Amino acid sequence: MWRGLENMVLSQQLTPGMILSVSGKLYRVESAVKVTVTKGGQPFIKSKLRSLDTEKVVEKNFKAGQEVSEVTLEERKLEFLYLEGKSFLFLDVGNLDQVLVASEVIGDKIQFLKEGIELQATFYGKTIFAVELPQFLEIMVAKTHSGEDKGAVAHATKTAVLETGAEIEVPRFIEAGDVIKVDTRNKEYIQRV
């Protein structure tokens with residue numbers, strides 16, 4: 001069952017990290033500050049909201065006491081199957097449904113996608129807003145480019161092309177066919193496996 005739970009909260013209850021539905025679009029609250037106006041003016045809540053679609057930050061003011069729709073997103077585990085057209089086909093590990101994810105949602109994470117990789121996906125209803133790779137993955141080196149001969153440099157590296165197509169810097173002793181552990185967040189070599 002797909003969930004996208006909504007409940008109403010008052011504007012003065014807004015806190016960073018909350019997800020709101022405003023005019024049919026979803027936003028994450030970045031900041032919310034109560035502004036008191038002098039000389040009898042009505043206080044209001046000044047907020048900064050980040051769009052879950054575009055990642056752009058917008059400022060929005062709410063009247064004090066105004067009801068706002070808070071949304072609960074659902075996290076699901078997906079396993080990558082294969083590329084289908086311009087979308088990516090995943091298997092929902094929880095209910096075994098097949099799920100298509102748009103390439104815009106995958107973004108540069110495509111560099112580390114290979115069959116069988118599991119990732120976390122953030123859903124609202126049947127719409128996926130974000131995917132998160134595991135921080136560490138074990139991936140085979142497809143080929144290496146011999147770096148310039150730097151003599152006996154202690155920390156000399158060379159560029160390796162992984163089986164997924166990503167290019168990262170690795171120590172000079174790494175060769176094609178080696179399986180290495182990679183930090184997907186900062187695209188760095190960790191160790192040979």
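In which sense do strand β12 (residues 136–145) and β13 pair, and over how many bridges? The two strands pair in the antiparallel sense, over 4 bridges. The views below come from a predicted model, in which local features need pLDDT of at least 70 and side-chain atom pairs count only at pLDDT 80 or more, while totals for chains, interfaces and linings use all residues. Residues are numbered from 1 along each chain as its sequence is written, and side-chain values use heavy atoms, with hydrogens and water left out.

**View 1. An open sheet of 5 strands with antiparallel pairing.** The strand order is β14-β13-β12-β15-β16, where strands are DSSP runs of E of at least two residues, numbered from the N terminus, and two strands pair if DSSP finds at least two bridges between them. At the edges lie β14 (167–171) and β16 (188–192), each of which pairs on one side only. Neighbouring strands of the sheet are turned by 55° against each other on average, direction ignored, with axes taken as lines fitted to C-alpha atoms.

**View 2. Strand β13 between its two partners, β12 and β14.**

**View 3. An aromatic cluster of Phe80, Phe88 and Phe90.** Phe80 and Phe88 form a tilted pair, 6.0 Å centre to centre with 50° between the planes; rings of Phe, Tyr and Trp (its six-membered ring) pair if their centres lie within 6.5 Å, and planes under 30 degrees apart count as stacked, over 60 as edge-to-face and the rest as tilted. Both Phe80 and Phe88 are buried (under 20% relative accessible area, with a 1.4 Å probe and protein chains only). Leaving aside neighbours within four places in sequence, Phe90 is in contact (heavy atoms within 4.5 Å) with residues including Leu78, Phe80, Val99, Ile106 and Leu119.

**View 4. Lysines over phenylalanine rings.** Lys60 lies over the face of Phe62, at 5.5 Å from the ring centre, and Lys181 lies over the face of Phe136, at 5.2 Å from the ring centre.

Definitions and conventions: Axes are lines fitted to C-alpha atoms, for helices over the stretch in contact, and angles run from 0 to 180 degrees between N-to-C directions. Buried means under 20% relative accessible area, exposed over 50%, partly exposed in between (1.4 Å probe, protein chains only). A charge sits over a ring if NZ of Lys or CZ of Arg is within 6 Å of the ring centre and within 35 degrees of the ring normal.
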